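Have the structure open as you read.

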Amino acid sequence: MNNMVSNRSNSSSSSSSSPYGQTVSNQLSATAAPLKGIIFDMDGTLIQLNVVNELIQQIYQVADEDPLGKCLERDDLDVMIAKLSPEGQRKAKKTIVEILQRHVDNMTIQEGGPELVAFLARNGVKRAVLTRNYERNAIIMQQMYAQVMNEATFDLIIGKDTPYDTSFPPEQEIPKADRIRQICNIWGCDTNEVIMMGDSITDDIVEGNRAGCGGTVLLQPIGYQLNHFYGTRIGDSRERTPTMCVESLTDVRHFFAAQMNTDVCYQHGEM
């Protein structure tokens, strides 16, 4: 793909009103920067199951019951957990393990996911998975995609337990933003040459924007933002403003096909 998304400050793209009344950019405009890759969230994005909702609710409850957690900002889960008491950290980590294990057996591929991933692969766009879920569960998801596609799926998978590259130490407080930088380092590109795509404004969109991604895409099945906690709204800050909102991964594939002037009609039988 020859062109990349616009910086939000320079965008001349059209806008539409979100379900909460904020105005967000509804298209990724062309600039001179090439698109090197797309980084996907997993839960609620590549698979239908949105484990993040339950994780956030349960970990916030642990924090509410912790003597050190009551006054903590309800933002990044990993950062917040690290500030809890030792007992609070133990309870939070145990809760995460239990929730993720319970959900792994119920994975369902997101509609339009295999077609989008195949389309990107066939057009030379790199694909990475960046998830708060465990790496082993992301590999199970990758195997499900591979069974459908019968071709290359993802170039890189990073889960919450994937070791950091010690030659490329983290710089930011937000772990996922650092992971985005690490992915770009592996790919040999800048963060403004990749897109972060996910279903959470407080996780995927915020951290994609903090990392300096060239664009952020918010997946909103049925047209609404699924994990909406503690008063955060789409577009209520620059960091929580996605470049584009879509209702399906098929919408994303059609958008990029139009940008590339190429065919979008990849069906399971053609994979």
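## Handedness first

A crossing is called left-handed if the near helix is turned anticlockwise from the far one by less than a right angle, and right-handed if clockwise. Keep in mind that this is a predicted model.

## H4 against H8

By that rule, H4 and H8 cross in a left-handed way. Helix H4 covers residues 113-122 and helix H8 covers residues 249-260; their axes sit 8 Å apart, at an angle of about 25 degrees. Angles under 35 degrees count as roughly parallel, so H4 is roughly parallel to H8.

Who does the touching? On the H4 side, Gly113, Glu115, Leu116 and Phe119 make the contact, and H8 answers with Leu249, Val252, Arg253, Phe256, Ala257 and Met260. Sorted by class, the contact of H4 with H8 comes to 7 nonpolar, 1 polar and 2 charged residues.

## H4 against H5

H4 also packs with helix H5 (residues 135-149): the two axes come within 10 Å and cross at roughly 80 degrees. Since 65 to 115 degrees counts as roughly perpendicular, H4 is roughly perpendicular to H5.

Here H4 uses Gly113, Pro114, Val117 and Ala118, while H5 brings Tyr145, Val148 and Met149. The contact of H4 with H5 splits into 6 nonpolar, 1 polar and no charged residues. Gly113 turns up in the contact with H8 and again in the one with H5.

## Holes inside

How many cavities of 30 Å³ or more does the structure hold? There are 4 of them.

Conventions
Residues numbered from 1 in each chain as written. Predicted model: local features only at pLDDT ≥ 70, side-chain atom pairs only at ≥ 80, totals over all residues. Heavy atoms only, no water. Axes fitted to C-alpha atoms, helices over the stretch in contact; angles between N-to-C directions. Helix = DSSP H or I, 4+ residues; strand = E, 2+ residues; numbered from the N terminus. Parallel < 35°, antiparallel > 145°, perpendicular 65-115°, else oblique. Contact = heavy atoms within 4.5 Å. Nonpolar A, V, L, I, M, F, W, Y, C, P; charged D, E, K, R; others polar. 1 Å grid on protein atoms, 1.4 Å probe; cavity = no way out; pocket = protein on both sides within 12 Å on 5 of 7 lines; lining within 4 Å. Points joined across faces, edges and corners; volume = space filled by probe spheres on them.
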